[in-house]
Amino acid sequence: MDNQTIIELREQDRNATNFDIASWENTLSTDITLYNNDSLELKGVFIDSVAQNSGRVVVEPDDPTAPVGSDKREKATIGISFCQYFHDWGTSTAGATELDDRNYIPVAQKYTSGRDYVLCDKIGLGGATITEVSEILLFNQVPPKSLSGGDINENYEDPVRFFYKYLNQAGKLTHLQFSLDETLLKTCGYTGTGQTGTEGAFKLNQSILDNKKGIIKSGTISFPFLAIKNGIGTGASAQTLAPDDTITAPFMNQRGKKVLETLTGDKFMELEFIKFLGTTTEDVQATDGELFQPRIIEYDFKIEARDYAPDELARVLSQNFTRSAPELYIQDENALADNPLLQTTRSLQAIGDAVVNPLPAGLTPVPAGNPNTPPVFCRDDGKALVNYIADCQNYVIGTSQFAVEFNENVGAEGIFQLTQMHLPLYDHNGNTLVIAKDIGVVAGADGKRVKFLANKNGGVVLTDVRPATLWRDQMKFDLSKLLTTFQLQPKQDIGGLTNVRTCSFSVVDGVNGTGALKSIDDTLNKNEFFDKATPYTTAGTPIKTPYLTEINASESLDGDSALDNGYYLIELTSNFYTNKISGEDQKKNIMGIVSRFYQQDSFTSSIDGEGTFTYVHKGEPITISRIGCRILNAQHQLARNLKDNNTIFLQLNRQ
């Protein structure tokens, strides 16, 4: 037995250097020397997969490296960004004067349309030159150089992250963040030798986003987006998007072995080995035009960072999203509550249009709109505008319940749902309604009368959720469907407005919006004349409905793909390495494969060398003092949805 030594590599060891969950380095208490024909193999692995096989959801803290007891270490910030919209079904006053509370542009539309209108800010561009960014070019600089010298043959993490900033058309500093799969960037490879080779480019534009669904791994971006001329980039390169110097990241040598230094700004681009350029179209906005852009509101709160039962997490999120502060005065006399999810037209009028942030020296500020003006709403196709007149009634905008629920009856482990991102239509008894409306001949084609079913007063659409990893990876929502994007429309004349730009969007119940259930049953008369069809009238015929159309997560909690769900790879870095070759790439330092068939309680374990690659040392002796450890998924990415109580045992066999 003297010729065998067991080496314990524990992530929670007091002398371990932790880079991320499931990525750490152990400094050995005693150096180990490998002589000719000595072998090193995996003896056992214990992976803390509590979130994957216990039915619980792990909410990570904002900063796991912050001091113990601090909010950043103990709390997690949950947030959403959203826009409010109303559904043009009429108003609760009904009757022949239901349209007297609004001004439509163009004025020819004097009927309820059944369309959606999103709350916008009107920005007078004031003569500023606006640049339209329609494409981003990513240049791969291969071979990369580390700051401490030497070539680096592999990228550090997949996906590759980008952080940039620019001044939008309102003069507000805007941060742009997204990540791409590393394999996509291989299409812009490097040819030649040294630093004299030729760089290829990967073009990221709306066509790419539309045709390659899901290539954005985190963050959101849509084209085109507008920025102030010279508000993009620095120095002579006015059309180059500037790296975000507010973002920092640890620079590690090969695969997280050791932190060399912290990078910010331009250096951060070196970490990812990518140059980032913006291709633009100039002067897209005339000086006499105005821009109507969605008003995006951010709402954040903190909860305890720990693992939750799914129904418990749903309850905690719902309570926080819909909370108010009854012990405080509500300052706005026109408001319903001190919660931005539920507002009134009078409150929105008091808020006014966009507020311009201070600009860096040398740039001309774009003036904001006037406060205390009626809020403006843009139709979903971008071809019409409407606002409530100043002396109209105080109508409700938004949602009365932002309900996150967990339905344990869907899938093997249950599914998360958003059941109410809308404001229902109610009768005088509080019942949820669908209303059958008759638009009339004026809206129809070929003289036909047009009808529609209205299932809500309006609601909110999400443009961002934070942290994305919680909503996407743990709660299993498909963010490419859940989050609403707004497309900038070309210059156009609407009514008496010339050269204005609006936005288009789409609200689809069950995808990015919720509402009362609309079904063929809504056409039945549920009163005493059951055998007669429910009439469509101008005022609307109400139909009671106890059901809602909710947004379901894309997968139940057991819904990982088979490939991702099948096994883990154990990667060890030191003076030794092994090769694993696949059809896609070559991976160094893979020492073991752990099948997830061996899940027990909250751990996935591998024992007695199952899945081991044995390293047999040849040649001169080498001394090992540190060993880096990473647990990867089947896609060769750092495994997510794990906790930090991971341990790897090695066995050293002497000859």
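Reader: Which residues does Lys456 touch, leaving aside residues up to four places away in sequence?

Author: In this predicted model, Lys456 touches Tyr85, His87, Trp89, His422, Leu423, Leu425, Val507, Asp509, Thr514 and Gly515, with residues up to four places away in sequence not counted. Lys456 itself lies in the loop between β33 (450-454) and β34.

Reader: Is Lys456 buried or exposed?

Author: Burial is judged by relative accessible area, with under 20% as the cut-off. Lys456 has 2% relative accessibility and therefore counts as buried.

Reader: Which polar partners does the side chain of Lys456 have?

Author: One is the side chain of Tyr85, joined to that of Lys456 by a polar contact of 2.9 Å. Another is the backbone oxygen of Thr514, which the Lys456 side chain reaches at 3.1 Å.

Reader: What does Trp471 touch?

Author: Not counting residues up to four places away in sequence, Trp471 touches Ile78, Gly79, Ile80, Phe321, Leu418, Val465, Arg466, Lys476, Phe477 and Leu479.

Reader: In what order do β28, β29 and β42 stand in their open sheet?

Author: In general, strands of a sheet pair through backbone hydrogen bonds, either parallel or antiparallel. This three-strand open sheet has the order β28-β29-β42, with antiparallel pairing. Because β28 and β42 (551-552) are at the edges with a single partner strand each, one side of each has no neighbour in the sheet. Five bridges link β28 and β29 in the antiparallel sense, and Phe406 stands opposite Phe416 in β29. The helix α5 packs on the sheet and touches β28 and β29, its direction making about 170° with that of β28.

Reader: Which strands form the edges of the five-strand open sheet?

Author: The antiparallel order is β2-β3-β50-β43-β46, and the edge strands are β2 (17-20) and β46 (590-595), each pairing on one side only. From one strand to the next, the twist averages 30°. Three bridges join the antiparallel strands β2 and β3 (residues 23-34), and Asn18 stands opposite Trp24 in β3.

How values were computed: Residues numbered from 1 in each chain as written. Predicted model: local features only at pLDDT ≥ 70, side-chain atom pairs only at ≥ 80, totals over all residues. Heavy atoms only, no water. Contact = heavy atoms within 4.5 Å. Helix = DSSP H or I, 4+ residues; strand = E, 2+ residues; numbered from the N terminus. Buried < 20%, exposed > 50% of the residue type's maximum accessible area, 1.4 Å probe, protein only. Polar contact = N/O pair within 3.5 Å; in protein donor to acceptor, adjacent residues only side chain to side chain. Pairing = 2+ DSSP bridges. Axes fitted to C-alpha atoms, helices over the stretch in contact; angles between N-to-C directions.
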